[in-house]
Amino acid sequence: MARRVASSAAIRHSSVGAPCGWAVFFFLSKLIWFFIQPLGLVLLALLLATAGFLFRSRRLARRLVIALTLAFAAVCVLPVGDLLMLPLENRFEKPDRLPATLDGIIVLGGPEQPALSGARGEPMLNGGAERLFAGLDLARRFPDAPVVFSGGLGDPWNGIPPQSDIFRDAMMMAGLPEQRMILEGQARNTDENVLLLKQMLQPQAGQHWVVVTSAFHMPRSMGLFAKAGWTVVPWPVDYRGLPPAVLPRSDLLEQFEVLSIALHEWIGLAAYWATDRIDTLFPGP
């Protein structure tokens, strides 16, 4: 997907690079998550059990297989993912009313699929596409407010566009003029989303900014905005957790997906709090 040249001065792309320390944090977070996510733990347990059988540690291997089977059965039967997801999604609610005017509508990256978009030559989205729909709805309601997006993770050497390019193309397909967009295409995680956007936009006291992201992602996002001293209005969308009245789920893959997302957020909150990126473990209103 070729990167277009901006046709108006209203279109701004961030050229601010992330400090070296951010790169280390990003790499370690992805490496650790690979092994502690649910499927990563399953893979690790199977590898250890296989090693046990090969090297005659059969007792250890049997215990690992039994533990893995019981854990798998528990996740399939019990709504563990939903119980972890609901507190995240219920932490922030949409306000009953918004200010009369907005200085900007911020949409955080996540719904884009860069590798698939690059392979197919058109914007491809995942289950979090409601972030874009909500951004479009707010843009319609506030026609003078710019729509701001933050998201990178592109790889020009392999033809993989940054999330910001995919967002731009998808929004233009939906009818939003390119001149209304402000794009930040360097951020690789939520921490960088907030810090790079603040450097780029220089928000002032008394301004009104709305932040659109998935409901489960809102506590970590709001904690980062608060840490940066930037007052924003939360606009959560893309709910995944089911209330107890409509449980259990019949789709096991969906059950594991919800669990994985919820664990990712709780671990992310703990990591951001431990590294002083947010002031409280579970940011709230």
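These are my notebook entries on a few spots I looked up in this structure.

**Entry 1: the model**

I am working with a predicted model. I keep that in mind for every value below.

I found a nonpolar surface patch made by L41, L44 and L48. Its area is about 250 Å². Next I picked out L44 and asked where it sits. L44 belongs to helix α2, which covers residues 38-54. Is L44 buried, exposed or partly exposed? Its relative accessibility is 35%. Buried needs under 20% and exposed needs over 50%, so L44 counts as partly exposed.

**Entry 2: the second largest pocket**

Then I turned to the second largest pocket. I noted a space of about 200 Å³. Which helices each supply at least two residues of its lining? I wrote down α2, α3 (58-77) and α10 (252-274). Helix α3 gives the most, with 6 residues.

I went through the lining residues by name. Among them are P38, L41, V42 and A45. The list also includes L64, A67, L68, A71, F72 and V75. F256 and L259 are on it too.

What classes of residue make up the lining? I counted 12 nonpolar residues, no polar ones and no charged ones.

Next I checked backbone angles. D238 has a positive phi of about 60°, although it is not a glycine. D276 also has a positive phi, near 65°, and is likewise a residue other than glycine.

Where do the two sit along the chain? D238 lies in the loop between β5 (233-237) and α10. D276 lies in the segment after α10. Helix α10 is one of the helices I listed for the pocket lining.

I also looked up how covered D238 is. Its relative accessibility is 2%. The cut-off for buried is under 20%, so D238 counts as buried.

**Entry 3: M124 and P114**

My last stop was M124. This residue is in the loop between α5 (114-120) and α6 (130-141). How accessible is M124? I noted 25% relative accessibility, so M124 counts as partly exposed.

I then checked M124 against P114. The two residues are 10 residues apart along the chain. Their C-alpha atoms are separated by 7.6 Å.

How values were computed: Residues are numbered from 1 along each chain as its sequence is written. This is a predicted model: local features need pLDDT of at least 70, side-chain atom pairs count only at pLDDT 80 or more; totals for chains, interfaces and linings use all residues. Side-chain values use heavy atoms; hydrogens and water are left out. Patches are made of residues with over 30% relative accessible area and no salt bridge: like charges are joined within 9 Å, nonpolar side chains (Val, Leu, Ile, Met, Phe, Trp, Tyr) within 5 Å. Accessible areas come from the Shrake-Rupley method with a 1.4 Å probe; for residues, only the protein chains shown count as cover. A salt bridge is a side-chain nitrogen of Lys or Arg within 4 Å of a carboxyl oxygen of Asp or Glu. Helices (H or I, at least four residues) and strands (E, at least two) are DSSP runs, numbered from the N terminus. Buried means under 20% relative accessible area, exposed over 50%, partly exposed in between (1.4 Å probe, protein chains only). On a 1 Å grid over the protein atoms alone, a cavity is a set of points where a 1.4 Å probe fits but cannot get out, and a pocket is an open set with protein on both sides within 12 Å along at least five of seven lines; lining residues have an atom within 4 Å of a point. Grid points are joined across faces, edges and corners, and a volume is the space filled by probe spheres set on the points. Ala, Val, Leu, Ile, Met, Phe, Trp, Tyr, Cys and Pro count as nonpolar, Asp, Glu, Lys and Arg as charged, and the others, Gly among them, as polar.
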